[in-house]
Amino acid sequence: GLKDNGEITALQIDFTNNLLISGGVDKTVKLWSLNDFRLVRTLKGHDGKITCLQARGETLITGGQDKTV
């Protein structure tokens with residue numbers, strides 16, 4: 001089920017793709033299935049905590065404390 005090992009700093013429900021998307025202090029974005037709440041994928045790329053995220057269709061934009069998008 002839904003278990004993250006760190007503080008969550010950004011969250012969005014993506015009904016189009018049936019996902020819960022979380023970003024956190026662990027510098028990752030995680031995609032969770034809304035069907036069974038399992039972790040689908042972990043995305044890495046920021047050098048600081050995730051501060052914002054936005055999903056629309058097949059596009060996911062994230063911003064981090066590292067001042068990158």
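**The sheet and its turns**

Asn-18 has a relative accessibility of 27% and therefore counts as partly exposed; buried denotes a relative accessible area under 20%, exposed one over 50%, and partly exposed the range in between (1.4 Å probe, protein chains only). The model is predicted, and local features require pLDDT of at least 70, side-chain atom pairs count only at pLDDT 80 or more, and totals for chains, interfaces and linings use all residues. Residues are numbered from 1 along each chain as its sequence is written, and side-chain values rest on heavy atoms, with hydrogens and water left out.

Asn-18 lies in the loop that runs from strand S1 (8–14) to strand S2 (19–24); strands (E, at least two residues) are DSSP runs numbered from the N terminus. The phi angle of Asn-18 is near 60°, a positive value in a residue other than glycine. This residue belongs to the turn of a hairpin formed by S1 and S2, with four residues between the two strands.

Four strands make up an open sheet in the order S1-S2-S3-S4, with antiparallel pairing; two strands are taken to pair if DSSP finds at least two bridges between them. S1 and strand S4 (39–44) are the edge strands, each of which pairs on one side only. From one strand to the next, the twist averages 15°, the axes being lines fitted to C-alpha atoms and the angles running from 0 to 180 degrees between N-to-C directions.

Within this sheet, S1 and S2 are joined in the antiparallel sense over six bridges. Gln-12 stands opposite Ile-21 of S2, and Ile-13 stands opposite Leu-20 of S2. S2 itself is mostly covered, as six of its six residues are buried. The burial extends to both faces of S2: Leu-19, Ile-21 and Gly-23 are buried on one side, and Leu-20, Ser-22 and Gly-24 are buried on the other.

S2 also pairs with S3 in the antiparallel sense, over five bridges. These two strands form a hairpin with three residues between them, and Lys-27 in the turn has a positive phi of about 70°. Ser-22 has Lys-30 as its bridge partner in S3.

Lys-30 is located in strand S3 (residues 28–33). This lysine counts as buried because its relative accessibility is 10%. The side chain of Lys-30 is joined to that of Asp-26 by a polar contact of 3.1 Å; such a contact is a pair of N or O atoms within 3.5 Å in which, within protein, one must be able to donate a hydrogen and the other to accept it, residues adjacent in sequence counting only if both atoms are side-chain atoms.

A further lysine, Lys-67, is found in the segment after strand S6 (59–64). Lys-67 has a relative accessible area of 81% and is therefore exposed. Its phi angle is near 65°, a positive value in a residue other than glycine.
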